Amino acid sequence: TINDVTLTLDDIIIAISGSAKIADSVYTDLHATCSGINFADVVKFAPDGILDEVGVKRVEGKLNFSADIKGNITDTTHYPHIEANIDLKKGLVETAEYPLVKNIKLNVDATTGNLDTDESISLTINNFHFETPQSSGTIKLTGCNINRPHYNVDGLFHASMSEVAPFIPADLGISQIAGSADLSLKSKGFYAGSVNDAFIDRILRNTLASLKLNQLCVAMDSVITIDNLNLNLDYANYGVNIKNTNVNLPDYDLQLKNIGLAAKVSNGISDFSKTKIDLNKLHAEVEDSKIDLTANVSNLNQPNYQATLGLDVNIGNFQHFLPDSLAHSISGGFAVDVKSHGIVNPDSIKSQIFDIVINNTEAGIQFNNISADMYNSYISFNNLAGNINIANDSICVDKVNIDWQGLKLHLDSTLVQNALKIFLLDQTDNKLQVLTKTSLDEFDYAWLDRLIPPTNSTTND
């Protein structure tokens, strides 16, 4: 029997109490504690120069340890029952190359569990927290079963990009990065002995994550510059949601706003023939222009897809993309709606694309008072309005009006058939059919005379 044995070494206090019986086996019932371990004092006993070799300049922290051991320690089928705890507070590590890590906290429980076997052994990190001057992290982790490890992890991280920048590999070509990121992560699962498709599938199916990027600015060599990216992304069980996201693209003088995405993968990714992807929403805006896309794809080996696209464009939002020598100004807008479906063979996309466009795609275009003041005045026009619909190799032009050089053209209704088959598929045995009802304003030949450039003439007697 051991009754309150205490060993003191400077501020370190080791206390043991309980009993141990030695016969054919060794049976213990012990309680042990160790308190007052100060790393700043402990490192003094490290061999000379070893801390300098690893770049450590300063280590601090106070550690306490406790353990209860009860049972037969010579049993080959069961462990003695063990309950242990480690508690670290006020930890600090200062190195020569990395940011100062401070306010380190660690609290760990370990036990052999109810069965006292490999299967019941568990380790619980109740709290692991650390901070740098601009970043921080907190992790909670439970692991059990040595033979078939199960885990449950919960993490919360904040990172300053300026603090991360010095450690980004130079071959990535990032010349500048700023902003911050917040990540929340929860995951659970088990490891069956190999990293395979099933293991990756379990991770993706049992993980929750939330990522927030705050005023992220990234400049990369010979690549687009990203400025003030504010991103909100959530992930759960093969589903991704992005909302309230904005970004500036200064290279293109564009500000994308209200970016949203909702997508989900079904049936896992281990067998692509069963995988299904649903894009329930893709939305983005540039000033008062916007794009919306929905789609779903099944069987990634031979994709079977359905897609709907909507565009609402104010041309003035994108006038700066036009060459300066092309136009003085362009105004107005247009809307596009496209629906398409089909089965695509990846080995013969080129031969299929026109067939899908002609037979499996419907499109509608609405012109909204488009006017263009071109440097070449002969191609300037005003107030282009009307609708064009395309389906089943029929092009329907409905109530299209345009003012060109003062001549007002009205296409009340026009139907063009077989044009796509003839010009895209080279099916020249089809007959091009055009039915139209068109009108012009009163025609004045003086209008035509204005379009003919003046010429100098000479008369020989």
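Pro-99 sits in the loop that joins strand E5 (81–95) to strand E6 (101–111). Helices (H or I, at least four residues) and strands (E, at least two) are DSSP runs, numbered from the N terminus. This is a predicted model: local features need pLDDT of at least 70, side-chain atom pairs count only at pLDDT 80 or more, and totals for chains, interfaces and linings use all residues. Residues are numbered from 1 along each chain as its sequence is written, and side-chain values use heavy atoms, with hydrogens and water left out.

Pro-99 and Ser-135 are 36 residues apart in sequence, with 9.7 Å between their C-alpha atoms.

Asp-403 belongs to strand E21 (residues 394–404). The table sets out accessibility for both residues. Buried means under 20% relative accessible area, exposed over 50%, and partly exposed in between (1.4 Å probe, protein chains only).

| Residue | Relative accessible area | Class |
|---|---|---|
| Pro-99 | 25% | partly exposed |
| Asp-403 | 16% | buried |

Contact means heavy atoms within 4.5 Å. Neighbours within four places in sequence are left aside. Pro-99 then touches Thr-132, Pro-133, Glu-163 and Phe-167. Asp-403 contacts Phe-381, Asn-382 and Lys-408.

Next, helix H5. It spans residues 349–359, and Gln-352, Ile-356 and Ile-358 are buried there. Viewed down the axis of H5, the buried residues fall within an arc of 165°, so they line one face of the helix. The arc is taken over the directions from the helix axis to the C-beta atoms. An α-helix has 3.6 residues a turn, so residues three or four places apart point the same way. The buried residues of H5 pack against strands E17 (304–314), E18 (327–343) and E19 (361–374), and against helix H6 (419–424).
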